[in-house]
Each structure stands twice: as structure tokens, then as C-alpha cells.
Amino acid sequence: MTKRIVIIAGATGMVGKEILAGLLADDAVAEVHSLGRRAPATIHPKLKAHVVNFASLPVLPQADEVYLALGTTIKVAGSQQAFRAIDYDANLAVARAAQAAGVKKLGLVSAMGADASSRVFYNRVKGELENALEKMPFAGMVIARPSLLVGDREVLGQPVRRGEKLGFAISKLVGFLIPANYQPIAAAAVAKALLSAVPQAQGNTILLSADMH
């Protein structure tokens, strides 16, 4: 069986780090090419780290799959324009470059509430990205829409989000009252769901948060 070659953008993020770990542990994967503004801390014989400018990507190596895990918040980015440059422009640029490199399967880390017609800027950008990707002729695409992500941001050098901590604490107390799609979900669970679904994807699939618990 021919081993897969995979591209991942955002491997230093909370979900991206878990996707990277899963790919490196997969015997069916021969190479992993990470794209980021900095290289992952992980060192592995399969991993080839590419420090890139997402506004001017180089030609990517031939590959079978791509995982898009780039994301930020408006607070961290500093403005709506800077947020959009990462969550929309950078992800879409990688998808286009990956398609040019022969990639047939794509996995995206999106968000619950993603909707191009939403009045909420964050949700609208997520929805616009989904719509743009769905128009591209990938053989298989899996869009993961997690709810509140749970993971250790401090280990990743990311600012701790008070809302996440508060939401997780509340869910532990009254989780049975919260619809499954809106309960906090571990970043590792999202990564596991994508890693399972993307290699065999045919057509477009959306994984809601409840599907990934």
C-alpha cells in the first residue's frame, strides 16, 4: 500500500498540534509537511517544517491530504482585518496551493455557528471560508465544527481564554442541560475525528461537535 503524504497548516495550534501528533504516529503516512509562521517544536524523521508567509506561499510538494488548522481570535489578531487575514485568507491560500500540488482530500477546523450570513463577524468569516472551500473540486472534504475547545493553551504559549475556562467549569456542573453540540470538546477529540474521516472522505462532510465527542 502506498503511504500518504500530508500537508498541515497550523500545526502549532491546539487542534493542529494534535493532528500533527496523530499523523506522525500513523504508519500509513510517509511524510508530513507543516506550514506555519514558525516551525513546530516537534522533531521527527517524517516531519518537514516550512516557515512561510501565507500571503505569498511557495509551490507546495505533491501530497495526498491537507489539514487546515489555522485560527486566531480578533483580540489576539488585533483587528477584524487581521483576523480575516488568518482565518480566511491564509486557510484559503493553503487550500489553493495544496490543490495545485495534487491534493485530493481536505480537512478543516471550523467552528460551531459558522454561517456566511451570520451577523457575528467571527461566525461569518468561518462560514465564508467553508463556502469558498466547498466550491473547490476536492474529491473529499471534511469540515469539523467544534464548540468550545478544551486544551492547554499555556503549554502552546497562547493566552488563556477566560471564557473557555468559565464555559468548561459550567459544563462540568450542568453539562446535562447543555445540548451536545454546544458542550466543550477536547482538541484531541476534534483531531481524532478529522484524522479518521479525511483519508476516506468522498464528497463534502460536516462533523458537528456532538459527532466528535
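Because the model is predicted, local features need pLDDT of at least 70 and side-chain atom pairs count only at pLDDT 80 or more, while totals for chains, interfaces and linings use all residues. Residues are numbered from 1 along each chain as its sequence is written, and side-chain values use heavy atoms, with hydrogens and water left out.

To start with the overall picture, the protein chain has seven helices and nine strands. Of the 213 residues in the protein chain, 46% are buried; here buried means under 20% relative accessible area, exposed means over 50%, and partly exposed is in between, with a 1.4 Å probe and protein chains only. The protein chain exposes about 10,700 Å², and carbon and sulfur atoms supply 54% of that area (Shrake-Rupley method, 1.4 Å probe; for residues, only the protein chains shown count as cover). As for contacts, meaning heavy atoms within 4.5 Å, residues 24 or more positions apart account for 69% of those in the protein chain with a separation of 6 or more.

Next come the charged pairs. The structure holds five salt bridges, each one a side-chain nitrogen of Lys or Arg within 4 Å of a carboxyl oxygen of Asp or Glu. Arg4 takes part in one with Asp26, where the closest N and O atoms are 3.3 Å apart. That pair links distant parts of the chain, since Arg4 sits in strand S1 (residues 4-9) and Asp26 in the loop between helix H1 (14-25) and strand S2 (29-36), 22 residues apart. Arg4 counts as buried at 16% relative accessibility, whereas Asp26 is partly exposed, with a relative accessible area of 26%. Arg4 also forms a salt bridge with Glu65, and here the closest N and O atoms are 2.6 Å apart. This second pair again links distant parts of the chain, with Arg4 in strand S1 and Glu65 in strand S4 (residues 65-68), 61 residues apart. Both Arg4 and Glu65 are buried.

Another salt bridge joins Glu130 and Arg145, with 2.6 Å between the closest N and O atoms. Glu130 lies in helix H4 (residues 121-134) and Arg145 in strand S6 (residues 140-145), so the pair ties together parts that are 15 residues apart in sequence. Glu130 is buried, with a relative accessible area of 2%, and Arg145 counts as buried too, at 17% relative accessibility. Back at Arg4, salt bridges that share partners join Arg4, Asp26 and Glu65 into one network.

How do the helices pack? The axes of H1 and helix H6 (residues 187-197) come within 8 Å and cross at roughly 50 degrees; axes are lines fitted to C-alpha atoms, for helices over the stretch in contact, and angles run from 0 to 180 degrees between N-to-C directions. H1 and H6 are therefore oblique to each other, given that angles under 35 degrees count as roughly parallel, over 145 as roughly antiparallel, 65 to 115 as roughly perpendicular and the rest as oblique. H1 passes H6 in a right-handed crossing, in which the near helix is turned clockwise from the far one by less than a right angle, with anticlockwise being left-handed. Residues of H1 that meet H6 include Met14, Val15 and Leu23, and the H6 side includes Ala187, Leu194 and Leu195.

Helix H3 (residues 80-100) and H4 pack at an angle of about 15 degrees, with their axes 10 Å apart, so H3 and H4 are roughly parallel to each other. H3 also passes H4 in a right-handed crossing. Among the residues that meet are Phe83, Tyr88 and Leu92 from H3, and Phe121, Tyr122 and Leu129 from H4.

Two single residues round out the tour. Leu23, in helix H1, is buried, with a relative accessible area of 1%. Not counting residues up to four places away in sequence, Leu23 touches Arg4, Val6, Val29, Val32, Lys46, Tyr67 and Leu195. Leu23 and Val6 are 17 residues apart in sequence, and 8.1 Å apart in space from C-alpha to C-alpha.

Asn181, for its part, is found in the loop between helix H5 (162-174) and strand S8 (185-186). The C-alpha atoms of Asn181 and Leu208 are separated by 6.5 Å, although the two residues are 27 residues apart along the chain. Leaving aside residues up to four places away in sequence, Asn181 touches Met112, Ser147, Leu208, Ser209 and Ala210.

Methods: Helix = DSSP H or I, 4+ residues; strand = E, 2+ residues; numbered from the N terminus.
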